[in-house]
Amino acid sequence: MSENYKDAVDTLKYCREHLGNITLEHKETYDLAIKALEKQILKKPIRNKRIKEIGKCPICKTELYIYDEDLHYCPTCGQALTLDSGGDGE
Ligand SMILES: [Zn+2]
């Protein structure tokens, strides 16, 4: 799933750079779409070395309780998060 988002981001970035006659307004639209999609690519929280239940969002540095099973997105910036404690089942 995450891989598909990466491909989509790459495609959008390519189009943004290589399409002819692209207006500034359209470039901004591409940037917006790229940013939104990049947030869907799963990232791991930055772990606190001393308190293992606490982590930080890798994007906006918001403190997160990382053993909360419902933690799938950063509540502040919306970055999709993955916890590596659950194994690689999916
Ligand atoms: Zn965040």
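This is a short walk through one protein, from its overall layout down to two residues.

Okay, first a caveat: what you see is a predicted model, where local features need pLDDT of at least 70, side-chain atom pairs count only at pLDDT 80 or more, and totals for chains, interfaces and linings use all residues. Residues are numbered from 1 along each chain as its sequence is written.

So, the big picture. We've got two helices and three strands, and from the N terminus they come in the order α-α-β-β-β. Helices here are DSSP runs of H or I with at least four residues, strands are runs of E with at least two, and both are numbered from the N terminus. The protein splits into domain 1, residues 2-38, and domain 2, residues 42-90; those bounds come from an automatic or database domain assignment. The C-alpha centres of the two domains sit 26 Å apart.

How does that look overall? The C-alpha atoms fill a box of roughly 50 × 25 × 20 Å along the principal axes. The radius of gyration is 16 Å, while a compact globule of 90 residues would come out near 12 Å. That's taken over C-alpha atoms, and the globule rule is 2.2 Å times the number of residues to the power 0.38. Buried is 20 or more other C-beta atoms within 10 Å of the residue's own, exposed is 12 or fewer, partly exposed is in between, and the C-beta atoms are placed from the backbone.

Now the sheet. It's open, antiparallel, and ordered E1-E2-E3. E2, residues 54-56, pairs with E3 over three bridges; DSSP has to find at least two for strands to count as paired. Within that, Gly55 is opposite Leu64 in E3.

Which helix holds Tyr30? That's H2, residues 24-38. Tyr30 is partly exposed because it has 16 C-beta neighbours inside 10 Å. Leaving out residues up to four places away in sequence, Tyr30 touches Leu12, Cys15 and Arg16, where contact means C-beta atoms, placed from the backbone, within 7 Å. Asn48 is 18 residues from Tyr30 along the chain, yet their C-alpha atoms are 35 Å apart.

And Asp70: buried or exposed? Exposed, because it has 5 other C-beta atoms within 10 Å. Asp70 is in the segment after strand E3 (63-65), and its C-alpha is 23 Å from that of Asn4.

Key: Contact = placed C-beta atoms within 7 Å.
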